[in-house]
Amino acid sequence: MNHSPARPARRAELLAAGAAVVTVVLWASAFVSIRSAGEEYSPGALALGRLLVGAVVLGGICLVRREGLPPRAAWPGIAVSGLLWFGCYSVALNWGEQQVDAGTAALVVNIGPVLIALLGARLLGDPMPPRLLAGMAVSFAGAVTVGLSMSGGGGSSVLGVVLCLLAAVGYAGGVVAQKPALGHASALQVTTYGCLVGAVLCLPFAGQLVDDVAHASVSATLNMVYLGVFSLALAFTTWAYALARTTASRMGATTYAVPALVVLMSWLALGEVPGPLTLVGGALCLAGVAVSRSRVRSARVVAAAPRPEQARESA
């Protein structure tokens, strides 16, 4: 009887954790697809194509579920996240990865979760418990290790580093802006209209998209469709669902699992065998995520233990 109120909360926590796992796995798979599609699609065209596919899928789901327009209070966060994250981040990352090697891109972009934690604490009042800080430090060390192990085979440019840095800033700003919007609108609404805002921002690349589709291979176009359906429409919705039920800082720390999964997927899908240093870095990323999402259990034990007076009465 006493445990029944905790069951719905526990179930909601598990659902949010499951949604976060789905997001991380799909975002990791996106790096493999971007690498393939990016060989035949220009950065802006790939971003616009992905956003248009995602908008069609999300719009269809909204019609089936009869989701109306988001409330007016949600629009500032939706607009900012759409501009910074769905739009600017997509173009800057696609462009930046063509200018620098994969290791440098991973190093710079993984500043994003750190920026999310700092902005979340400053603007949203997110708590910064020691476990979260420790976990982020371990994961960032792992991301640096993965990046260093992947660097050396390609060139880097100042422009590429700046673009990856802009992508990290856009990602962090978009997440922090999205969090308050989720207090007024559903995860599906926030994701759908954020995607639409990003698509409108990328419309100047429409001509490039038409030209690239006409000349690209079927596999490259299918990769772009995959990016729109799964790593955008589905993954961004599960992200918003999980973000609505936790802090931006903890969700940002969770994405440090992405580099480890990218290493594994590249190994399985592309035959890119990781070196020992890469495997160590991936393990550190996962260990840091585990630490950042863990919670102190001593308080629960104390709460569950009977009070001295209760023990005497029962005796």
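Ground rules. I number residues from 1 along each chain as its sequence is written. As the model is predicted, local features need pLDDT of at least 70 and side-chain atom pairs pLDDT 80 or more, while totals for chains, interfaces and linings use all residues; side-chain values use heavy atoms, with hydrogens and water left out.

Salt bridge. I looked for a side-chain nitrogen of Lys or Arg within 4 Å of a carboxyl oxygen of Asp or Glu. The count came to one salt bridge. Arginine 65 pairs with glutamate 67, and their closest N and O atoms are 3.6 Å apart. I then checked accessibility (buried under 20% relative accessible area, exposed over 50%, partly exposed in between; 1.4 Å probe, protein chains only). Arginine 65 is exposed at 56%, and glutamate 67 is partly exposed at 22%.

Helix H2. I took helices as DSSP runs of H or I, at least four residues, numbered from the N terminus. H2 covers residues 43-65, which is 23 residues. The expected span (1.5 Å times one less than the number of residues) is 33 Å, and the end C-alpha atoms are 33 Å apart, which agrees. Arginine 66 follows H2 and has a positive phi, near 60°.

Nonpolar patch. I joined nonpolar side chains (Val, Leu, Ile, Met, Phe, Trp, Tyr) within 5 Å, taking residues with over 30% relative accessible area and no salt bridge. Areas are from the Shrake-Rupley method with a 1.4 Å probe. Leu264, Trp267, Leu268, Val273 and Leu279 make a patch of about 530 Å². Helix H12 (residues 257-270) gives the largest share, three residues. Leucine 264 lies in H12 and is partly exposed at 40%.

Technical notes
Helices (H or I, at least four residues) and strands (E, at least two) are DSSP runs, numbered from the N terminus. Patches are made of residues with over 30% relative accessible area and no salt bridge: like charges are joined within 9 Å, nonpolar side chains (Val, Leu, Ile, Met, Phe, Trp, Tyr) within 5 Å.
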